[in-house]
Amino acid sequence: MNGRSHSARALTTLALVSVLATACQQDDPTAPSTGQPLSTTGQVAAAAGNPNGAAGQRPVYYEDQLFTVNMKELSEQAAASIIANNTGLNEIYATNDLDDPQDFLSVIDAVPGDGMNPLWHQILIVFNPGFTPHQFTSEDEVEAAAAGPNPEITLIETDEVYRCSVVSKP
């Protein structure tokens, strides 16, 4: 590799490490019942209207249980680099682009303590003709519905990546 390739790889690695270091932290066990993490001063994180805070929160299912996550879409450039270079991406299954209102709650494939990477690749769920759309509550259900000779759904990988923070548990 030439010096320019090393510099580009180092810059990409530095950006990824920066995203990972700040993207996803487990809840503070002393957090108030709102489920929002505490700031360093002990205040509840206030972010009304800010997608990095409460405005980016949404309920999702993981293994038949509801969780609240904070999602923020990464830039197109960051997403392309991460998809190309990060084989450990988690997946979030959604019926519509995560920037749009959802027909059903999304399903995630990991939580802290269960192999979670703070970066999630958006996978769209499209119901095939002849099947009634409905809520899935686990990755196993999603994968089973997409399998077999007459699958209920089609899964479409997007070019979008989101950083996450699980902010409350059931």
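This is a predicted model: local features need pLDDT of at least 70, side-chain atom pairs count only at pLDDT 80 or more; totals for chains, interfaces and linings use all residues.

Colleague: In which sense do β3 and β5 pair?

Modeller: Two strands pair if DSSP finds at least two bridges between them. Strands are DSSP runs of E, at least two residues long, and helices are runs of H or I, at least four long, numbered from the N terminus. Here β3 and β5 (residues 119-127) pair in the parallel sense over five bridges. Leu124 in β5 is the bridge partner of Ala94, and Leu124 also has a bridge partner in β6, namely Ile156. The pairing of β5 with β6 is antiparallel, over eight bridges.

Colleague: What do the six strands form, and in which order do they run?

Modeller: They form a closed barrel with mixed pairing, in the order β1-β2-β6-β5-β3-β4. Neighbouring strands of this sheet are turned by 50° against each other on average, direction ignored.

Colleague: Why is β5 described as largely enclosed?

Modeller: Buried means under 20% relative accessible area, exposed over 50%, and partly exposed in between (1.4 Å probe, protein chains only). Eight of the nine residues of β5 are buried, so β5 is largely enclosed by the rest of the structure.

Colleague: Which residues touch the most other members of the largest nonpolar core?

Modeller: A nonpolar core is a set of buried Ala, Val, Leu, Ile, Met, Phe, Trp, Tyr and Cys residues joined through side-chain atoms within 4.5 Å. The largest has 16 residues, and Val69, Met71, Ile92, Ile108 and Trp120 touch the most other members. Two or more residues each come from β1 (57-62), β2 (65-73), β3 (90-94) and β6 (153-168). Apart from this core lies another of ten residues, including Tyr61 and Phe136.

Colleague: Where is confidence lowest, and where is it highest?

Modeller: pLDDT is the predictor's confidence in each residue, from 0 to 100. Helix α1 (residues 3-23) is lowest, at a mean of 40, and helix α3 (residues 139-145) is highest, at 98. The chain averages 75, with 67% of the residues scoring at least 70.

Technical notes. Residues are numbered from 1 along each chain as its sequence is written. Side-chain values use heavy atoms; hydrogens and water are left out. Axes are lines fitted to C-alpha atoms, for helices over the stretch in contact, and angles run from 0 to 180 degrees between N-to-C directions.
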